[in-house]
Amino acid sequence: MLNRLLIVHYLFLIGLTLGISGVSAQSNANGNENTISLSFVNADIESVVATVAKATNKSILVDPKVKGTINLTSSKPLTSAQTINALSSSLRLAGFALVQTSNSYLVVPEADAKLQSSKIYSGKGNSDGDQIITRVFKLNFESANNLVSILRPLISPNNIINAYPGNNTIVITDYASNISRIEKLIASIDSPNASKVETIILKYAQANEVANLISKVMDTNAQAGGEASLKTTILAEPRSNSLLIRGANPERVNQIRSLVAKLDVPTNIGNIWVIAVKNADATKLAITLRAIIAADSSLSNMSGSSNSQINNIPGATNLSSPPPGMAAPNMNSQNNQLGGGPSAAATTALSSSSNPSTGGMIQADPTTNSLIITAPEPLYRNLARVVEQLDKRRTQIYIETMIVELTSANAAELGVQWQAILGAGNQNSVYAGTNFTGPSGGGSNIIALNGAAGYLSGTNTTTPNVLPSAGLNLGVVSQFNGIATLSSLIRAISTQQGTNILSTPNLMTLDNEEARIVVGKNVPIVTGQYAQTGLSPSVTPFQTITRQDVGITLRVKPQISENGTVKLQIFQEVSSVYSQDPVNGIILNKRNIESNVIVDDGQIIVLGGLIEDSYNDGSSKIPLLGDLPLLGNLFRYDNKARTKTNLMVFIRPYVLKTSAQTDEFSNKQLEMIGQKDAKFQQAPNLLQKEDIPPKTNIREPIMTTPSNNSSDK
């Protein structure tokens with residue numbers, strides 16, 4: 001049976017070969033090329049490829065992974081090129097592809113065709129058929145990345161399309177017939193209409209005002225449907241007072257031109273203009289504009305002609321000089337120095353000047369924060385451009401500061417004192433003894449404490465003025481003529497003191513505006529006193545007192561440069577009450593730093609450090625006796641003290657340019673405080689715990705409902 005099938009198959013191939021060879025011998029109408037008639041039904045791919053290769057005199061190789069049958073028929077004779085195209089179309093339907101190389105053709109699976117293709121085309125209309133080729137499209141107007149997302153669904157599943165943004169090109173590997181269809185689609189999309197820019201020069205109107213008005217009327221964003229390429233863009237160019245229009249729709253551009261022509265007409269409103277200032281201070285801005293006009297002679301002449309015209313109007317007053325009884329503004333009245341004298345910011349209310357800034361042709365109304373300019377239109381346009389550049393949203397700066405102060409003090413005192421009186425009655429007495437006064441004052445002296453010894457023993461009823469100092473006081477009380485006195489005293493004390501101040505004062509301020517924060521107490525200090533008697537025998541004391549802030553003070557004035565660095569003028573002070581003497585008054589500890597530094601955004605910098613290590617050593621003794629070994633301790637009084645102080649100040653600025661950055665930074669700080677508040681626990685004690693309600697989120701509105709239980713009385 002097997003042999004019979006092989007014989008039948010062999011005879012079938014011989015018949016096909018003979019039939020084709022006979023057809024190939026015929027010539028076409030021109031007699032230039034042989035034609036081929038195809039008639040394969042469910043024929044093996046390798047046999048069909050071999051037959052076509054022989055008939056077309058082409059070298060066609062078949063990949064071993066290509067297996068199966070195809071149908072290849074033609075109703076009329078075909079040329080060699082048409083036969084190759086028919087074979088590639090039949091292979092495509094079977095899931096295979098015909099790839100042309102330099103000297104031959106390859107029949108491979110469709111998934112491997114993109115790796116075997118060696119033909120790369122960059123021209124137009126030079127490929128057709130169902131062969132796998134690679135085509136490079138260079139775009140002139142549209143973006144390659146944007147166009148790839150549109151063309152990708154049109155590419156065969158096993159083929160590829162990629163964009164190269166470097167030279168704005170698209171590379172496609174696909175069937176030649178599909179690439180020809182994509183070529184026509186790219187040609188229709190890559191047109192210069194969307195990138196056309198037109199310029200309209202205005203004669204009378206202001207470019208900024210017209211651009212804002214037309215943008216609102218045309219509603220360009222809504223018309224484009226959110227697509228940036230279809231949106232009509234209108235920009236103002238203040239230098240030439242012109243409009244720049246870019247639109248993909250010529251009809252819409254013509255509509256804008258018609259609207260601009262209707263708006264660009266001369267107006268008869270006079271020479272008085274009002275500019276609403278958005279971010280800057282109108283009063284300060286008016287002073288700056290007056291200085292600009294005073295410095296430029298051409299502008300001064302223009303303003304002089306304008307004022308002369310206004311003065312000719314009946315009932316008009318001369319606006320070049322301030323009204324009678326009002327002095328001209330002093331431009332040097334502001335003191336911008338950071339440490340320029342004491343500030344009353346802690347005791348005065350925050351308020352702005354309610355008096356309008358007057359004088360000359362530029363006035364400011366602080367109530368509405370507006371500028372009133374009396375000038376001809378050319379001068380007004382120049383001033384309006386200056387106002388536009390100065391009236392910008394100012395950058396805010398959040399400044400974090402950490403102040404660390406570590407203080408350690410150790411002191412020790414040890415001494416022996418004694419007193420001896422020998423003799424009795426009217427005889428001559430012998431007196432000997434030692435008395436030393438240590439750093440603790442009179443409370444460490446044996447003679448000064450005799451009053452306390454008599455008071456404790458009952459022989460003295462008067463309250464002593466001097467009491468024993470702190471520490472161990474060990475002594476012997478003896479009687480002398482009926483009065484109790486100290487005959488010996490041993491005093492020993494060791495003290496240790498430590499201070500750790502960690503403060504993090506943070507503040508936010510505008511660029512080039514000083515900010516100040518004080519955390520502490522307001523301490524009264526006596527600056528003078530006197531007593532007035534007059535005719536009355538009673539004395540009337542009188543004191544003058546000044547108050548001073550004691551604690552942590554931080555004053556910062558930041559300034560942002562063009563390269564992003566921050567210049568900081570800093571004054572930082574840490575003060576505390578050292579002692580309070582009723583005679584000498586209050587003694588304050590004070591440490592301050594005043595410096596100018598340059599810091600990058602978010603960089604931590606140390607302003608300065610004070611490391612102090614002081615050692616005091618004192619000894620009081622009897623000559624010769626105090627130097628004796630062991631026994632000399634009875635004739636001496638020793639003390640020593642050591643103090644270490646370490647003060648460091650760190651600072652870090654954050655530049656917040658937009659409102660979104662400010663909101664994000666504030667929300668982080670708010671969440672951090674909320675987390676700390678949630679961890680709060682009341683201390684355990686015998687009292688009943690308070691019912692503390694949870695904190696309300698300040699970002700959510702607080703709704704209060706009036707109670708219905710109220711009654712009228």
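This is a predicted model: local features need pLDDT of at least 70, side-chain atom pairs count only at pLDDT 80 or more; totals for chains, interfaces and linings use all residues.

Student: How many salt bridges does the structure hold?

Tutor: There are eleven salt bridges in the structure. One of them joins Glu400 to Arg652, whose closest N and O atoms are 3.1 Å apart. This pair links distant parts of the chain, 252 residues apart: Glu400 belongs to strand E16 (residues 396-422) and Arg652 to strand E26 (residues 636-656).

Student: Which residue forms a salt bridge with Arg555?

Tutor: That residue is Glu514, and the closest N and O atoms of the pair are 2.9 Å apart. Arg555 sits in strand E22 (residues 540-560), whereas Glu514 lies in the loop between strand E20 (506-510) and strand E21 (515-532).

Student: Is Arg555 buried or exposed, and why?

Tutor: Arg555 counts as buried because its relative accessibility is 11%, and the cut-off for buried is under 20%. Glu514, by contrast, is partly exposed, at 34%.

Student: And what about Lys621: which residue is its salt-bridge partner?

Tutor: Lys621 pairs with Asp627, with the closest N and O atoms 2.5 Å apart. Asp627 is partly exposed at 47% relative accessible area, and Lys621 is partly exposed at 39%.

Student: Changing topic, where is Ile272 found, and which residues does it touch?

Tutor: Ile272 is in strand E13 (residues 272-276). Leaving aside residues up to four places away in sequence, Ile272 touches Ile372, Ile373 and Thr374. Its C-alpha atom is also 9.2 Å from that of Glu377, a residue 105 residues away along the chain.

Terms used. Residues are numbered from 1 along each chain as its sequence is written. Side-chain values use heavy atoms; hydrogens and water are left out. Helices (H or I, at least four residues) and strands (E, at least two) are DSSP runs, numbered from the N terminus. Contact means heavy atoms within 4.5 Å. A salt bridge is a side-chain nitrogen of Lys or Arg within 4 Å of a carboxyl oxygen of Asp or Glu. Buried means under 20% relative accessible area, exposed over 50%, partly exposed in between (1.4 Å probe, protein chains only).
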